[in-house]
Amino acid sequence: MKVLSIRQPWAWLIVQGYKDVENRTWRTEFRGEFLVHAGYIFDEEGYDWVVEVMKIDLPEKDTFERGGIIGAAEIVDCVQNYLSPWFVGPYGFILRNPRPLPFVQMRGKPGFFDQEVLI
């Protein structure tokens, strides 16, 4: 199955159904379900922005799972413009049907990668 590494808290926001687009500097032709891998790196500034601007009550920073699969979602399109407060571009992977999954520790990789994961 395809896997995409995403920094926290963005990965959590996706699988919890808050964030409907994943921003990237590259486009993809991939459509379908993928596993959301929470990377080890934590976006401190992004966390603060979500709390202050989006007014979302996030878990404490040190409680986010990192370094493994935390959920799944479906990519239905890749766009350069999108009416969502989460879109900053230049490309946005439009997401649907997010869901959390039990944590499975594993190393991430850049871009999409294939991984056989027992979930």
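Of the 119 residues of the chain, 47% count as buried. The model is predicted. Along its principal axes, the C-alpha trace spans about 40 × 35 × 25 Å. Contacts were also sorted by sequence separation. Among those with a separation of 6 or more, 76% are between residues 24 or more positions apart.

The chain contains two helices and six strands. Read from the N terminus, the order of elements is β-α-β-β-α-β-β-β. Strand 4 covers residues 68-79 and is mostly covered, with nine of its twelve residues buried. Two pairings of strand 4 were examined. With strand 3, strand 4 runs antiparallel, and seven bridges join the two. Within this pairing, valine 36 has glycine 71 of strand 4 as its bridge partner. With strand 5 (residues 91-105), strand 4 also pairs in the antiparallel sense, over nine bridges. Here cysteine 78 is partnered by phenylalanine 93 of strand 5. In a regular strand, side chains alternate between the two faces of the sheet.

The loop between strand 4 and strand 5 holds leucine 83. Leucine 83 counts as exposed because its relative accessibility is 90%, and the cut-off for exposed is over 50%. Leucine 83 lies 63 residues from aspartate 20 in sequence, yet the two C-alpha atoms are 10 Å apart in space. Proline 90 is placed in the loop between strand 4 and strand 5 as well. The peptide bond that leads from glycine 89 into proline 90 is cis, with omega near 5°.

A cis bond is also found at another proline. From glutamine 8 to proline 9 the peptide bond is cis, and omega is near 10°. Proline 9 sits in the loop between strand 1 and helix 1 (10-15). Most peptide bonds are trans, and most residues other than glycine have a negative phi.

Lysine 55 has phi near 60°, a positive value in a residue other than glycine. Its place is the loop between helix 2 (44-54) and strand 4. With a relative accessible area of 65%, lysine 55 is exposed. Asparagine 97, likewise not a glycine, has a positive phi of about 50°. Asparagine 97 belongs to strand 5. At a relative accessible area of 51%, asparagine 97 is exposed, because the class begins at values over 50%.

Rolling a probe the size of a water molecule over the atoms shows where empty space is left. The largest pocket has a volume of about 540 Å³. Its lining comprises 21 residues, and those closest to the centre are Ser5, Ile6, Arg7, Glu22 and Arg24. Strand 1 (2-8), strand 2 (21-24) and strand 3 (32-42) are the elements that give two or more residues to this lining. Strand 3 supplies the largest share, four residues. By class, the lining of the largest pocket has nine nonpolar residues, six polar residues and six charged residues.

Definitions and conventions:
Residues numbered from 1 in each chain as written. Predicted model: local features only at pLDDT ≥ 70, side-chain atom pairs only at ≥ 80, totals over all residues. Heavy atoms only, no water. 1 Å grid on protein atoms, 1.4 Å probe; cavity = no way out; pocket = protein on both sides within 12 Å on 5 of 7 lines; lining within 4 Å. Points joined across faces, edges and corners; volume = space filled by probe spheres on them. Nonpolar A, V, L, I, M, F, W, Y, C, P; charged D, E, K, R; others polar. Buried < 20%, exposed > 50% of the residue type's maximum accessible area, 1.4 Å probe, protein only. Pairing = 2+ DSSP bridges. Contact = heavy atoms within 4.5 Å.
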